[in-house]
Amino acid sequence: RLLWKLPTSSRHFPFIPANRPDRLTVSSVSEVDSRVNLLGLDPEGVKSWCAAMGEKPYRAVQLVRWIHRFCEDDFENMTNLAKSFRAKLAETAQIQAPAVLDCRYAADGTRKWLFDVGNGNAVETVFIPSENRGTLCISSQAGCAMGCLFCSTGKQGFNRNLTTAEIVGQVWTAERTLRREAGITDPNDRVISNVVLMGMGEPLQNLDAVLPALRLFLDDNAYGLSRRRVTVSTCGLVRQIDKLAASVPVALAVSLHAPDDALRDKIMPVNKKHPLADLMAACRRYLAVAPRDFITFEYLLLGGVNDADAMAYRLIDLVRDVPCKFNLIPFNAFPDSGLKAPDEDRITAFAQILNSAGIVTTVRRRRGDDIAAACGQLAGEVKDRTRRAERLVIQKEEAADFFAATKKGSER
């Protein structure tokens, strides 16, 4: 059962601090505490850990249910566990999600959390409520190394991959918080009905941590989501798409954003290693195990860059052999991006061309842009280890020259 309710006492306030310290912590609790963080273990991991503690398999099932269905972090409250087991748990284990630094509310009900992941880094998570669902957009990395020109996260650079506990902890904290605010006590009533890995980072670059998290999201004793309700978004890492297909084939969304290699090379450097022909082939392979009979292509519309009618017709040719739907995303501005949103008539015309070709096409509504929670705006706080700022200057100059040359060519 899906239930959600915004807290009436605070929904009209644009910013709510969460006892934020003057600076981010040097290290998270899980990094300095020798106890195992159970949020980082998938169901089989919990089973193995319990077996090593001398406990029977059914104890692992009970433990998973307490942690993820009841969102409980106090072992003493896990009343159907033996006292001796609870004592062992208190001594050797913990349930530790990343600390919440900030929480912000948008006028449309969207909520954004800022989570401390240690060493001066913080990641953002967004809850998007609607009439029939509650979608949580979570992060998988502190920063992003993909360097997409249009993404605020990429502008911050990259520090590290998140752990499984840090990924799962975002869902655990959001579900626990939203349930308590709504007064929900039945573990079968959940607020979050969909989880999308579309926040900070490239999920497929962190598969070792992402795959156990996905198994928890799908497990009936944990979050109990169907494969259709869990979506992994990727910029197009071909070999990792195949690995996801072989391991936990949830719904796949591919960030496309250009109909040809020449343009995609400029706005998405990953395309130089994984060109469109290879990416389309990987999508066709994924369909054999996908929970849906189509791939979702995300297409960010950049004013004057990739929103011309000719681009739409080239997209139709590109995906002709890939059953798909398109999600058009008008660009959401962020400081110093050097890019602009398309005009409304361009959005309408672009969508109409794709729909007329028989491709289901939707335009994503802007949600949470007043708190920088919209698509492409998540940034968090990242201690960059990649000299991204220096490389971004060069990338912008090369892209600007390419855009100018392309525009001149189309005017001749």
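Tutor: Helix α7 (residues 207–218) packs against helix α8 (residues 238–247) at an angle of about 30°, and their axes lie 11 Å apart. This is a predicted model, in which local features need pLDDT of at least 70, side-chain atom pairs count only at pLDDT 80 or more, and totals for chains, interfaces and linings use all residues. Residues are numbered from 1 along each chain as its sequence is written, and side-chain values use heavy atoms, with hydrogens and water left out.

Student: Why are α7 and α8 called roughly parallel to each other?

Tutor: Angles under 35 degrees count as roughly parallel, over 145 as roughly antiparallel, 65 to 115 as roughly perpendicular and the rest as oblique. The angle here is about 30°, so α7 and α8 are roughly parallel.

Student: Which residues of α7 and α8 meet?

Tutor: Leu207, Leu211 and Leu214 of α7 meet Gln240, Lys243, Leu244 and Ser247 of α8, where contact means heavy atoms within 4.5 Å. By type, four are nonpolar, two polar and one charged.

Student: What makes cysteine 71 buried?

Tutor: Buried means under 20% relative accessible area, exposed over 50%, and partly exposed in between (1.4 Å probe, protein chains only). Cysteine 71 has 3%, so it is buried. Its place is in the loop between α3 (57–69) and α4 (83–92), and its phi is near 55°, a positive value in a residue other than glycine.

Student: How do you know that histidine 257 counts as buried?

Tutor: Its relative accessibility is 5%, so histidine 257 counts as buried. Histidine 257 sits in the loop between β12 (251–255) and α9 (261–267), with a positive phi of about 70° although it is not a glycine.

Note on methods
Axes fitted to C-alpha atoms, helices over the stretch in contact; angles between N-to-C directions. Helix = DSSP H or I, 4+ residues; strand = E, 2+ residues; numbered from the N terminus. Nonpolar A, V, L, I, M, F, W, Y, C, P; charged D, E, K, R; others polar.
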